[in-house]
Every structure is written in C-alpha cells, then in structure tokens.
Amino acid sequence: MENFWQTCSAKLEQELTPQQYSAWIKPLAPLDYEDGLLRIAAPNRFKLDWVKTQFANRITTLACEYWEAPIEVQFVLDPRGNMPRRAPPGAGDPALGGNGHPGGNMGGPSGYNGGGASGLGLPSHMAVQDYMQAPAPARETARPRQELSRINSVLTFDNLVTGKANQLARAAATQVANNPGVSYNPLFLYGGVGLGKTHVIHAIGNQVLIDNPNAKIRYIHAEQYVRDVVTAYQRKGFDDFKRYYHSLDLLLIDDIQFFGGKSRTQEEFFYAFEALIAAKKQIIITSDTYPKEISGMDDRLISRFDSGLTVAIEPPELEMRVAILMKKAALEDVVLSDDVAFFVAKHLRSNVRELEGALRKILAYSRFHGKDITIDVVKDALKDLLSVQNRQISVENIQKTVADFFNIKIADMYSKKRPANIARPRQIAMYLAKELTQKSLPEIGDLFGGRDHTTVLHAVRKIAADRAKSPECNHELHVLEQTLKG
Ligand SMILES: Nc1ncnc2c1ncn2[C@@H]1O[C@H](COP(=O)(O)OP(=O)(O)OP(=O)(O)O)[C@@H](O)[C@H]1O
C-alpha cells in the first residue's frame, strides 16, 4: 500500500500544480488496503469533501492500474484525529484562511488540467463515486458493500407476503439467494406494475449480503444503466464501465424493458452478461413482460434472458391481498379487522402498490378524524379510488382496447372472419366482456356481430383455460385488464 501511495502521489505531483498537490494530496494518508478496498484518510471534513469530488476518480484509476484489478477507494476522516498539516502556510485551504477556494488558483474544477471529477476516469455510477457519497465516517467503515450495492435493506424476504401469485418466484429467488451463480442464471422475473418484482430482487440482494458481506453486489434500474452507458460514451470511459460491471458478484437489473431500442446499451449489457455468466456470477433481471415480448430487444439478448429460469409474478389473489394489507398495517402498529381487509382487497384488485396507497389513505384518514377503521371510514377515505374502480367498463371499450393491443381493426371484432390472428383477440375480448361487465352471454354475442351465446361461452371457457395454464396468456390478460381499469 505504501508503494502504491508513493507511485500515486508522484503521478499526481506531475499532473497537478504544486499548490494543488500541497493543498490536497500531500495531507492525505493511505490507511489500509484489503480485498480490493483501499481506504485513504483526510485530515478534516473540508479536505475530505473536496478530495472526494475532485480527485477520487483519478486516484481510483491509478489504484486500478497499480493492482491491475477493480479497486474501490474510500475516503474517510483520519481516525487518529487531525493529521499534521503538511501543506505550506497559506497554501490554499479556504477552511484555514488560504486562497484555495474551489475554482480558484488552488485547483477547483476549472483549475485542474486533465479534469476534475468529470474528466478523469470513472463515470458517475462507479464504485468510488458511491463511496464519495457515503454520509458519515462511521457508516463508511461499517457496511461499505451494503451502501455501494444500492440494496434497500427494508425489502426483505421476511416482509414479502407469499401466495399463489408469487410462490414460484419466491422459491426461485430463495434458491438463487442461497446459491448465487449456481442454480438459475440468469433468473428472469416478469410481471405487471407494482406486483413485487423490485421487492423480490432486493430481498435476494439482502440475503446474499447477509451470507457474504463482502459480495460485490449492484442493484440498478435499467434507466440508470442506460444513462450510465451514455455517460461512459461521452467520457470515452467504457473501459472503466466494463471493469466495474464485469467485476460484480451479483447484478440485479430492474425493468429491463427500458433497454428496448437502445442498441449501444444492449451491446454493453451483452458483454457484461457474457462475462458474468462465464464467471458464474449471478444475474437477476426483471421486466414488465416475458423476454420474447420485450420490443426492440436484440434476439441474442432475448435468448440469453431465457437461458436460465423465467418466472412470472402474477397479480395477488384475494387472500394474498388481505394478507398484504394486514401485514402492512401491522408494520404501522395497526390491526385491521377481517371485514375491513376483505372489503378493501375485494375492491382493489390490480396491484400491491395500489393496495399500499389505499392503506396509507385509510390510516391517514382515521388518524386525522380520530375514528376507528370501519368499512364506512374506508368508504369515505377511498371515495375517489372506489368510484374509479366502479366505473362501468363498456363492451365497446373492451373491443377497442383489445383491437389496439393486437393491432387489428375494431371491425374485426364484429366480422365473420376467422383467421387465428383475429379469432383469438376476439375470443379474448369476449372473455373480458364477460369478466368485466354485467352483460349476459347473448348480449355479448349480439355486440360481437350477432354471434350465438354458445360461441361466447366457448370463447370464455377457452381463454379461462389458457389463462390457467399459460403465464404468458395470463400476463397479456392482466395488462389488458389494467389498461381497461385505468
Ligand atoms: N408480496 C408482497 N408482499 C409485501 N409487499 C409487497 C409484495 N409485493 C409487492 N409489495 C410491495 O408493493 C410495492 C410495489 O412493489 P414493487 O416496487 O416491488 O413492484 P414492481 O413489480 O417492481 O413494480 P414496477 O414494475 O412498477 O417497478 C412495494 O412497496 C413492495 O414492497
């Protein structure tokens, strides 16, 4: 470590002005180096902050070059108290009355040839930047991996309610968490909005971190990954980008449908994917739909996504919705009666986020008015939500939504044509008409070009059977239902 620091300081001395070097680099001291984590101490908070924002990237790059490995650099306040001030008197420490105000002649961003944070080395998502944002020294040293991983410690398996809708996903997730890189790789979870995909992958991350606190884990939303690719592109920083992502033990990437149509992102992700899988590192992906249905996605990625295990998370069934409401209420120290929980769960069927929102409203309403939570209180608290739920869905609306979804003409809903690409959407529309409206089978038949009620019955049974056995069909229907319910 001492050797590294000598090499690194010498390099920085060449790159910086003498004042910059004396003011910012000389007062630093390497603390320790272990398992890819290098800690460097700064004598006071001001210097710590400035060094983090201005020189962290460069120091990390030099460290990676020196050890020829991905290195994370953490800047901390010197645990031994203030170190002797080695910068010459008046050498530009504004905190001590010098003239080194950021941007002034001591080397603020504009004074640093070769770049400040933006021009040197790692893009903004990189490990060192993460450390740069670590809040307080105590936490910096306590669980650096946890902070770097972006894992939300609240989203665990313990508070994930399990039911028919997510039991497969949970079983697969548990297995992957217990044997990362070994069982299903990648694990691909898909399902509609607010059904718990993000919760499940954070739960995996939390579990892996408990079992192996040194695991290098990263949770990232796909939109952020896209932004990082753009940043790496602008800064010509793909080497750092690759080094970082290819060095992970566990990559959790959320809502990958956002990669659709973004070829450069897909290319970079493909490399990361291949490198991690080859090294038996675990990848977990979520999406709002199954791999083949993601539009604008490269075929080679789609086939990779499908090469591990693909599991759906379904909308929760009634009992599961009740259990979720009760669990979330219990976390707020509130006991919901059965009839209240069933009432809410019966009326709000689309997703868990909606249930959480409803519960928040109910709790706020009852606290504000000082009333116990009864069905009448719930009706008042959720007036707006329930009126939307009760809004009548018309058969015409169903026909239009289904026709748009499958890219056929509305007229095909009434026509006598029977090619499969028309017949199936028509059967789906009939099924939804039966599920979501009060119309009888003959009435529905009439609205579909005067068809017999037995034709409607056949369609309803067929689609119900398909839905029960095919997660893809179930997903399509769920998306349509969510669209229709607004
Ligand atoms: N089975 C469950 N048990 C407890 N809480 C759940 C469950 N499923 C979802 N939730 C909660 O519902 C909320 C929404 O879940 P989450 O964000 O994981 O959904 P998502 O499927 O990732 O949605 P999106 O596609 O919009 O990103 C979160 O607060 C999550 O904790």
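Reader: Which residues are closest to the ligand, and how many surround it?

Author: A residue is near a molecule if its C-beta atom, placed from the backbone, lies within 6 Å of it. Here 19 residues surround the ligand, and the closest are Gly196, Lys197, Thr198, His199 and Val352. Helix 8 (197-211) and helix 15 (352-369) are the elements that give two or more residues to this shell. Helices here are DSSP runs (H or I, at least four residues), numbered from the N terminus. Keep in mind that this is a predicted model: local features need pLDDT of at least 70, side-chain atom pairs count only at pLDDT 80 or more, and totals for chains, interfaces and linings use all residues. Residues are numbered from 1 along each chain as its sequence is written.

Reader: Where does the ligand lie relative to the domains?

Author: Domain bounds come from an automatic or database domain assignment. Domain 2 (167-312) and domain 3 (318-389) both give residues to the shell, so the ligand lies between them.

Reader: Helix 8 also meets helix 7; at what angle do they cross?

Author: Axes are lines fitted to C-alpha atoms over the stretch in contact, and angles run from 0 to 180 degrees between N-to-C directions. Helix 7 (residues 167-178) and helix 8 cross at roughly 25°, their axes coming within 9 Å. That makes helix 7 roughly parallel to helix 8, as angles under 35 degrees count as such.

Reader: Which residues make that contact?

Author: Two residues are in contact if their C-beta atoms, placed from the backbone, lie within 7 Å. Helix 7 contributes Ala169, Arg170, Ala173, Val176 and Ala177, while helix 8 contributes Val200, Ala203, Ile204, Gln207 and Val208.

Methods:
Angles under 35 degrees count as roughly parallel, over 145 as roughly antiparallel, 65 to 115 as roughly perpendicular and the rest as oblique.
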